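Here is a short note to read beside the model. Please keep the structure open while you go through the points.

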Amino acid sequence: MLKIGLTGGIGSGKSTVAALLAERGALVVDADRIAREVVEPGTPGLAAVVEAFGPDVLTADGSLDRAALAAVVFGDPAARARLDGIVHPLVRARAAQLVAAAPDDSVVVQDVPLLVETGQAGAHDLVLVVEADPETRVRRLVGRGLSAEDARARMASQATDEQRRAVADVVLDNDGDQEALAAQVDRFWVDQVEPARS
Ligand code: ADP
């Protein structure tokens, strides 16, 4: 099995790269998706969040009110740490379960937005970092429905390109069009993934 950690700042193009790698046969484990699954109604994760932050973080139908929770932890590092302390271990455990269930010859790509921030670089055979110019990222995120202000605030709270670069085996430059990105993913697959598997 070849384990690839995929990371990059918000809006850099991680999901796009993950989809391109999936087309080439990789099994993608998406940390953001898992982070939503572990706090779905009826999960121990949601129960732990409610125990920590109270029933006001639930909507009327009993699901997690993300906006309310975000308001509670915004600007409160201790609350943020408490939330991360609940969610991050659950996400890692679920991701590890999915990786363990994959066939031995799989190329497993873990899309981990906070790979650098949470110190997970060492858990992968290869770390693939996607980069794009900050203004390009804001423009693309606005195209995805985020406000420019929100996009910039999230970018500021994440690791820097330099910090991601420091742990990268390969850096993909996503300032060009989708075709240019796909060509880099192809090169990565041929130059790094195929040799590592054989
Ligand atoms: P991330 O997962 O890192 O937050 P995404 O892959 O979702 O980033 O990309 C952010 C947005 O930019 C998406 O709407 C995506 O379709 C778009 N996008 C990604 N790469 C390119 C590109 N090379 N050219 C134009 N749009 C792109």
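The points below cover the basis of the model, then the domains, then the ligand.

1. This is a predicted model: local features need pLDDT of at least 70, side-chain atom pairs count only at pLDDT 80 or more, and totals for chains, interfaces and linings use all residues. Residues are numbered from 1 along each chain as its sequence is written, and side-chain values use heavy atoms, with hydrogens and water left out.

2. The protein chain is assigned domain 1 (1-26 + 106-198) and domain 2 (33-104). Such bounds come from an automatic or database domain assignment. The domain centres, taken over C-alpha atoms, are 23 Å apart. Seven residues from domain 1 and seven residues from domain 2 make the contact (heavy atoms within 4.5 Å).

3. The two domains bury about 630 Å² between them, 56% of it on carbon and sulfur atoms. Buried area is the accessible area (1.4 Å probe) that two parts lose on being put together, summed over both.

4. Now the ligand. Around it are 14 residues, and K14, S15, T16, R144 and N174 come nearest (near means a heavy atom within 4 Å). The T16 side chain has an N or O atom 2.6 Å from a ligand oxygen. The N174 side chain places an N or O atom 2.8 Å from a ligand nitrogen. G176 uses a backbone N or O atom, 3.0 Å from a nitrogen of the ligand.

Key:
A polar contact is a pair of N or O atoms within 3.5 Å; within protein, one must be able to donate a hydrogen and the other to accept it, and residues adjacent in sequence count only if both atoms are side-chain atoms.
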